[in-house]
Amino acid sequence: VWHDSSFAVKYTDVDYLVFSDAARFVADGESPYQRATYRYTPLLAYILLPNAWLHPAWGKMVFAATDLLCGLLIRSILLLQGDVSESR
């Protein structure tokens with residue numbers, strides 16, 4: 001939230017607004033495809049429902065946590081393969 005209000009280049013792009021709009025449609029009992037440019041799985045709109053209920057930055061936290069989890073999984077795979085040392 002701070003980043004988006006402080007920098008010209010936002011943390012998220014236009015797609016995030018599309019995701020959030022779709023979540024609002026779902027929260028109102030409608031289809032996420034009511035958002036004209038929504039071309040994603042409906043599951044994404046349901047995952048981002050807290051954007052409509054709690055805070056618009058909910059999805060940003062979910063995406064950031066997912067990025068961190070992916071990094072940990074990649075590191076674990078590399079450790080299992082012996083491609084990286086434990087000290088890094």
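This is a short chat about the predicted model shown above.

Me: What kind of model is this, and which features count?
Reply: It is a predicted model; local features need pLDDT of at least 70, side-chain atom pairs count only at pLDDT 80 or more, and totals for chains, interfaces and linings use all residues. Residues are numbered from 1 along each chain as its sequence is written, and side-chain values use heavy atoms, with hydrogens and water left out.

Me: What does the protein chain average for pLDDT?
Reply: The average is 87, and 86% of the residues score at least 70. pLDDT is the predictor's confidence in each residue, from 0 to 100.

Me: Where is confidence lowest, and where is it highest?
Reply: It is lowest in helix α1 (residues 2–6), at a mean of 69. It is highest in α3, at 95. Where pLDDT is low, the predicted coordinates should not be read in detail.

Me: OK, the fold. How many helices and strands does the protein chain have?
Reply: Five helices and zero strands. The order from the N terminus is α-α-α-α-α. Helices (H or I, at least four residues) and strands (E, at least two) are DSSP runs, numbered from the N terminus.

Me: What share of the residues counts as buried?
Reply: 24% of the 88 residues. Buried means under 20% relative accessible area, exposed means over 50%, and partly exposed is in between (1.4 Å probe, protein chains only).

Me: And the accessible surface of the protein chain, what does that come to?
Reply: About 6400 Å², with 66% of that belonging to carbon and sulfur atoms. Accessible areas come from the Shrake-Rupley method with a 1.4 Å probe; for residues, only the protein chains shown count as cover.

Me: Let's look at α2. Which residues are buried there?
Reply: Tyr-16, Val-18, Phe-19, Ser-20, Ala-22, Ala-23 and Val-26.

Me: What do they pack against?
Reply: The buried residues of α2 pack against α3 (42–47), α4 (49–53) and α5. Contact means heavy atoms within 4.5 Å.

Me: What should α2 span, going by its residues?
Reply: Its 14 residues (14–27) should span 20 Å at 1.5 Å a residue. The end C-alpha atoms are 20 Å apart, which agrees. The expected span is 1.5 Å times one less than the number of residues.

Me: How about α5, what should that span?
Reply: The 24 residues of α5 should span 34 Å, and its end C-alpha atoms are 35 Å apart, which agrees.

Me: What follows α2?
Reply: Gly-29, with a positive phi near 85°.

Me: New topic. How many salt bridges does a search of the whole structure find?
Reply: Two. A salt bridge is a side-chain nitrogen of Lys or Arg within 4 Å of a carboxyl oxygen of Asp or Glu.

Me: Which residue does Arg-24 pair with?
Reply: Asp-21, with the closest N and O atoms 2.4 Å apart. Both lie in helix α2, three residues apart, about one turn of the helix.

Me: And Asp-21, which other residue does it bridge to?
Reply: Arg-35, with the closest N and O atoms 2.7 Å apart. Asp-21 is in helix α2 and Arg-35 is in the loop between α2 and α3, so the pair ties together parts 14 residues apart in sequence.

Me: What else does Arg-35 touch?
Reply: Leu-17, Val-18 and Phe-25 are among its contacts, not counting residues up to four places away in sequence.

Me: Is Pro-32 buried or exposed?
Reply: Pro-32 counts as buried, because its relative accessibility is 6%. It is found in the loop between α2 and α3. Pro-32 touches Ala-22, Phe-25, Val-26, Tyr-38, Pro-42 and Ala-45, leaving out residues up to four places away in sequence.

Me: Last one. Which residues form the nonpolar patch on the surface?
Reply: Trp-53, Leu-54, Trp-58 and Met-61, with about 500 Å² of accessible area together. Met-61 sits in helix α5 (residues 58–81). Patches are made of residues with over 30% relative accessible area and no salt bridge: like charges are joined within 9 Å, nonpolar side chains (Val, Leu, Ile, Met, Phe, Trp, Tyr) within 5 Å.
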